[in-house]
Amino acid sequence: MSKRSFSEFTSKDAASISQILEHAEGLLQAAKALKKELEAFRETPELNDEIASILKCHKKKILLAAEFLSDDETGGFGRNESGPHKIQKLECNSKNDGDTPAALLIPPPVSLTRWTPDDIPSSDLPPLPPVLNPVLEQAALTHSGMTTKPTDMSYERLEWIGDAYLYLISTSFIYQTFTNLGAGRCSQLRERLIKNETLSDYTVQYGINKRTRFPAEFDLHGRIGGSQASQNAKKKVLGDVFESYVAAAILGDREGLARVSPWLKSLWSKTLAHEIREEFRARPSLIEDYSGKDDGSGDNQKSAKQDLNPKVLLSQVIGAKGVKISYNDVGEPKKDKHTGKLPWYTVGVFFDGFGEKNLQLGLGSAFSKKEAGAKAARAALENKSLIKRLQKKKEESLKSAQLAESAQQEYDNWS
C-alpha cells in the first residue's frame, strides 16, 4: 500500500469521548505489544540488533497513537497547519525513511479450526475488535466522497483487502466444518456470510456506520430528510465499510489476524447456527444406538462405521431380503428462504417389507435431492422406536428363514 495522506479536519470534527477512549486504548495496546515482545529478551545482557528492530517497529505505533491523543486534546486532527498529517508506513522493518512506498505488512499465519455448536453465542454479538493503528482506523471510516484530494485516503483500498480476507477466512471455516458438502453447496454457505446484506447488517449492529464519515446523500446516520442514494447503494456502502474495518483491524498490528479470526468465527456462527447444529447432530455414531453391543471391531472400524452415508447405514440396520427402501419427492420444490432463488427439495424415505407397505420413515429437505435423501435417512435413524420395531421384525424374519432353510436341509438329507 503506497503512502497517502489525510486532508486536515476542521474544528467541527473534534474528537468525541468515544474516539479519545479508542485512541487511548490504541496507545495501551501498542505499549502492551511492545512489552510482550521484549519479555522474551529479559535475560539478554545487552541491546542487540533484534531488540533494536522491535523497538523501532513499536516506536512508530506508540508515537502515532500518542500524537492522536495530543490532537484530541486540541480538538481535532488538523492541529498542524504546516501540512497534512502523513500516513505512516505499514511495515516494521523497512530501512527506508524517505518517500519510498512502504511494503504491506502481512500478519503471521493463524490456525483456523472448524465450527462447533459451542462457538455459537447465546445472545449478544461478540465484542468488536479495535483497530490499533489510528491512521488505518480513520481511513476505514472515511467514504471517498468525503475526500478532497486524490492522495487523501478513504476506505476503498482497505475494502478491497478486507474482501479478500473475508473470502479466505470464511472458506476455511466452511471447508473444515462441513466436510461432506460439495463445492457448490459450500459456495452457497460462503455467499450467505460475505454478501452485502449480511455485512451491512453487521455494520449497523455494531454501530460502525455512526462512526463513519459519509456524504449527506447516503443518509446513514439517521438524519432527518430525504436521500438521493438508493437502498441498494446504501447496503453496498455499508458492506464495504465492514470489509474495510476488518482489513484495518487485521493490518493495524502484528496480532491483528489472531484477534480478528476468532471474532469472525463467533460472529459468522450466528449466521450459520442452524447448519452448524445440523452438521454436529448428524455426527454421533448411530450404529451404537442400534447394535446394543461392542462387536470388537476396534476404533478404526468404529470410526469408519460412524462416517457411513445415512442411506447405507439405514439399509444395514433394517434392510433384508424382500425389503425395499425407496426415496421419493414429497411435494413440489420450494424456494430457499435465504436466497429466494435456489430450489429447496423435500424427499421422503419409504419402507416396504415385513408386512409393511409404503411406510414413511422420515423426511429431509435440502438444496439437492441427494442431500435431502441423506437427511431423510438420518431422520429415520433417529426415530428409534420405529427402527427398533422394524429391527425386531427383521430378526424374526431372519429366524424364520433360517428355520425354513434348516428344515429343507434335513428333508434333503433324508431323501
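Contact means heavy atoms within 4.5 Å. Helices (H or I, at least four residues) are DSSP runs, numbered from the N terminus.

**Basis**

This is a predicted model, in which local features need pLDDT of at least 70 and side-chain atom pairs count only at pLDDT 80 or more, while totals for chains, interfaces and linings use all residues. Residues are numbered from 1 along each chain as its sequence is written, and side-chain values use heavy atoms, with hydrogens and water left out.

**Helix H5**

**Nonpolar cores**

A nonpolar core is a set of buried Ala, Val, Leu, Ile, Met, Phe, Trp, Tyr and Cys residues joined through side-chain atoms within 4.5 Å. The largest has 49 residues, and Leu 166 and Trp 268 are among those with the most contacts inside it. Helices supplying at least two residues each include H4 (156-177), H5 (183-194) and H8 (231-251). H8 gives the largest share, 11 residues.

Beyond its neighbours within four places in sequence, Leu 166 touches Ile 194, Leu 199, Phe 242, Glu 243, Val 246, Leu 264 and Trp 268. A second, separate core of 17 residues includes Val 317 and Leu 361.

**Ala 216**

Ala 216 lies in the loop between helix H7 (208-211) and H8. Its relative accessibility is 55%, so Ala 216 counts as exposed (over 50%).

How values were computed. Buried < 20%, exposed > 50% of the residue type's maximum accessible area, 1.4 Å probe, protein only.
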